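Hi everyone, thanks for making time today. Have a look at the sequence and the structure on the screen, and then I'll walk you through what I found.

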Amino acid sequence: MELSIDFIRSSFHSSSLSYSHNHLCKNGRSVLAGACSGVLASSHGFQFGCVALKRKTQRYSETYGRPHKTIRGLREDHYASQSSLNHELHRTYNGWGSCRRRKVLRDLVVRSELADTGTAGASYPSSEIWLNSKFRGICFYIVTSIAAITLFVPMVLQHPLVLMFDRYRRKAQYRIAKAWAFLTVAPFFKIEYEGLENLPQTDTPAMYVSNHQSFLDIHTLLTLGISFKFISKTSIFLYPIIGWAMFLLGVIPLKRTDSRSQLECLKQCMSLIKKGASVFFFPEGTRSRDGKLGTFKKGAFTIAAKTGVPVVPITLIGTGKIMPPGMEQEVNPGLVKVIVHPYIVGNNPDELCKEARNIIAQELVRQG
């Protein structure tokens, strides 16, 4: 600690002298202007200084702005002596460096106090947060796995009855999915709801659209208890328990890069809506990496325009901060808001798309 303080002080002192010397040599109004080469010969022996000017000049202090006399310089055969140069350097150091010296001393005090209290652990809070997020992530997947395994059994047992009496909406299966979502998210973050009165009646088919920020968006939306059909990648259906539960819920599979699969998905959505089921879309198509609202695709709004069902915009706030895209192994603490906006109706897909996006975008701006 003492060595670091001495080194800082010596560095500051040498830098101050260097500054003063350069200032004296480079300032156009200074008598020490010209070639500051160090040792010069004169009738008085070898002396340190610069070539003298032929006329008396004035130099202005950058610190106080008041003119004061130069060191020497009335005659060509006179040079700045070593003592006068040291005197001027001392004056410049006291004038320019007093404020800077006080600042450095304060820095030294702060650094010494930090050293005494453990400067090496200054990065500990961020590491602690990271470790907590990782630990919470591990706990999150343990909880969701246990809940999924436990609730998957009644889903399988009641599935034959669901197919017989409620093949398209599958309300009983979505009640279990809602319980699974609540058990999963309740220990880790809180969800606040706004505008639940804007939800259509349970038996009314509708098109639900929302912004997409995180893997947790599905968990959050399932807590609403609405039996709408999601659209998911076909690869997720291969996951044990979770993928099988999605099949029992009637989630619609989609291959993003296959145009034939996309067309089949749209046809299946229109068929479900005509039979009384609701469908949910993320019009952005994928999760937002920077939290900004992306461009909406018109597939969902084309279906709504052709079938005449209302479009219900939903804004999700906070899921991207709790589990950012690409960091699904971490769960940060936070609050999630679900805002359900009044539904919109129309027969023009472009207008529906634009209006729904504007509603969600304005809410994101309002929430900050």
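Predicted model: local features only at pLDDT ≥ 70, side-chain atom pairs only at ≥ 80, totals over all residues.

**Aromatics, cores and a pocket**

Who is the partner of Phe-230? The ring of Phe-280 is, with centres 5.4 Å apart and planes at 55°, so the pair is tilted. Phe-230 lies in the loop between β7 and β8, while Phe-280 is in strand β10, so the pair ties together parts that are 50 residues apart in sequence. Phe-280 is buried too, at 1% relative accessibility.

Stepping back, the whole structure holds nine aromatic pairs. Another of them is Tyr-208 with Phe-228, again tilted, at 5.2 Å centre to centre and 55° between the planes. This pair also links distant parts of the chain: Tyr-208 sits in strand β6, residues 207-210, and Phe-228 in strand β7, residues 228-229, 20 residues apart.

As general background, nonpolar side chains in soluble globular proteins tend to be buried together. In our model, the largest nonpolar core has 42 residues, and Tyr-208 turns up again among those with the most contacts inside it, along with Phe-189, Leu-221, Ile-314 and Val-338. Several elements each supply at least two residues of this core, including helices α3 (124-165) and α4 (171-185) and strands β11 (311-317) and β12 (335-340). There is also a second, separate core of 30 residues, which includes Phe-281, Ala-300, Ala-305 and Ile-344.

Which residues other than glycine have a positive phi? Arg-170 is one of them, with phi near 55°. Arg-170 is found in the loop between α3 and α4, and it is buried, with a relative accessible area of 12%. Ile-241 is another, with a positive phi of about 65°. Its place is in the loop between β8 and α6, and Ile-241 is buried at 18% relative accessible area.

The largest pocket holds about 1400 Å³. It is lined by 45 residues, and Ile-218, Ile-231, Ser-232, Lys-233 and Ile-236 lie nearest its centre. Which element gives the most to that lining? That would be α3, with seven residues. Among the others supplying at least two residues each are α7 (259-274), β10 and α8 (299-307).

Last, a comparison with the record. In an unreviewed entry, UniProt lists residues 138-157 and 236-254 under "transmembrane region". What does the model show there? Residues 138-157 are 100% helix and 0% strand, with the end C-alpha atoms 30 Å apart. Residues 236-254, by contrast, are 42% helix and 16% strand, and their end C-alpha atoms are 10 Å apart.

Conventions:
Residues numbered from 1 in each chain as written. Heavy atoms only, no water. UniProt positions renumbered as here; feature names shortened; annotations may be inferred. Helix = DSSP H or I, 4+ residues; strand = E, 2+ residues; numbered from the N terminus. Phe/Tyr/Trp six-rings, centres within 6.5 Å; stacked < 30°, edge-to-face > 60°. Buried < 20%, exposed > 50% of the residue type's maximum accessible area, 1.4 Å probe, protein only. Core = buried A, V, L, I, M, F, W, Y, C linked by side-chain atoms within 4.5 Å. 1 Å grid on protein atoms, 1.4 Å probe; cavity = no way out; pocket = protein on both sides within 12 Å on 5 of 7 lines; lining within 4 Å. Points joined across faces, edges and corners; volume = space filled by probe spheres on them.
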